[in-house]
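Thanks for making time, everyone. Have a look at the screen.

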Amino acid sequence: MEILNELSQFLQKGRLPKVKELVNQALEQGIDAKTILEDGLLAGMNVIGEKFKNNEVFVPEVLIAARAMNGGAEILKPHLVEAGVESKGTVVLGTIKGDLHDIGKNLVKMMMEGKGLTVIDLGVDVSPEQYIEAAREHNAQIIACSALLTTTMTEMKNVVDQVKASDLNGKVKIMIGGAPVTQSFCESIGADRYTPDAASAADAALELCISA
């Protein structure tokens, strides 16, 4: 549909006012909110995610596209609720205890939201107990931990161990990522999934939620 294609294009350019205008126009034309979300906003965000993976766009472009997507999604929210559109899954996200870096985490959040997932962002310096409590409260399928310091990576093992010792064992998957984190580290601590970048993290989270 022409208007949704246009919406996707403007979102990729991060043109917030234009995105809002086109979302409203599409609603006026009687296109349902779920279609606008999936074929307009999320379609545009998927293109940005792929380009980001291939180093064709960088963090600033992702941020302005995500801002445009959030602006469009705000307008759609009441319509989506009415239509009973459900989230594709819930992820509890945070930077691990002792680590205050959040740029990577924020990118992951945007990419995951761009896939239609609900993200509970706990911020930085998050303890294993906080992850577990939030996962329980929001009935999350995934706990996603980010670290930028080698010294804080060990905290990820504490999260894995405490989840395994809790009532969430077997119900919640643990994803990890961040500059010093590797696949072999993921295997050594018993986490479920490691991804090297924000776009792959979003793909993996969606896949885990669908198969949950």
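The strands themselves (E, at least two residues) and the helices (H or I, at least four residues) are DSSP runs, numbered from the N terminus. And a housekeeping note: this is a predicted model, where local features need pLDDT of at least 70 and side-chain atom pairs count only at pLDDT 80 or more, while totals for chains, interfaces and linings use all residues. Residues are numbered from 1 along each chain as its sequence is written, and side-chain values use heavy atoms, with hydrogens and water left out.

So, the overall picture. The protein chain has 9 helices and 5 strands. Going along the sequence, you read α-α-α-α-β-α-β-α-β-α-β-α-β-α. The C-alpha trace spans about 50 × 35 × 25 Å along its principal axes.

What share of the 212 residues is buried? It's 50%, where buried means under 20% relative accessible area, exposed means over 50%, and partly exposed is in between (1.4 Å probe, protein chains only). As for contacts, meaning heavy atoms within 4.5 Å, take those with a separation of 6 or more: residues 24 or more positions apart account for 72% of them.

The 5 strands make an open sheet in the order 2-1-3-4-5, with parallel pairing. At the edges are strand 2 (118-121) and strand 5 (193-194), each pairing on one side only. Helix 6 (residues 128-138) packs on this sheet and touches strand 1, strand 2 and strand 3 (142-146). The direction of helix 6 makes about 160° with that of strand 1; the axes are lines fitted to C-alpha atoms, for helices over the stretch in contact, and angles run from 0 to 180 degrees between N-to-C directions.

As a reminder, strands of a sheet pair through backbone hydrogen bonds, either parallel or antiparallel. Here, strand 3 and strand 4 run parallel and are joined by 5 bridges. If you want a pair to click on, C145 stands opposite I176 in strand 4. Strand 4 (residues 173-177) is mostly covered, with 4 of its 5 residues buried.

Strand 1 (residues 90-95) runs parallel to strand 2, with 4 bridges joining them. V91 has V119 as its bridge partner in strand 2, and L93 stands opposite D121. Is strand 1 mostly covered or mostly open? Mostly covered: 6 of its 6 residues are buried. T90, V92 and G94 point one way, V91, L93 and T95 point the other way, and all are buried.

L93 counts as buried because its relative accessible area is 2%. Leaving aside neighbours within four places in sequence, its contacts include K105, V108, Y131 and A144.

Next, some loops. G190 is in the loop between helix 8 (183-189) and strand 5. At 27% relative accessibility, G190 is partly exposed. Beyond its neighbours within four places in sequence, G190 is in contact with V160 and K164.

Most residues other than glycine have a negative phi. N55, though, has a positive phi of about 60°, and N139 has one near 55°. N55 lies in the loop between helix 3 (33-53) and helix 4 (59-83), while N139 is in the loop between helix 6 and strand 3. N55 is exposed at 54% relative accessible area, and N139 is exposed too, at 62%.

Last one: the charged end of K13 sits over the ring of F10, 5.4 Å from its centre. The rule there is NZ of Lys or CZ of Arg within 6 Å of the ring centre and within 35 degrees of the ring normal. That's my tour, thanks.

Technical notes. Pairing = 2+ DSSP bridges.
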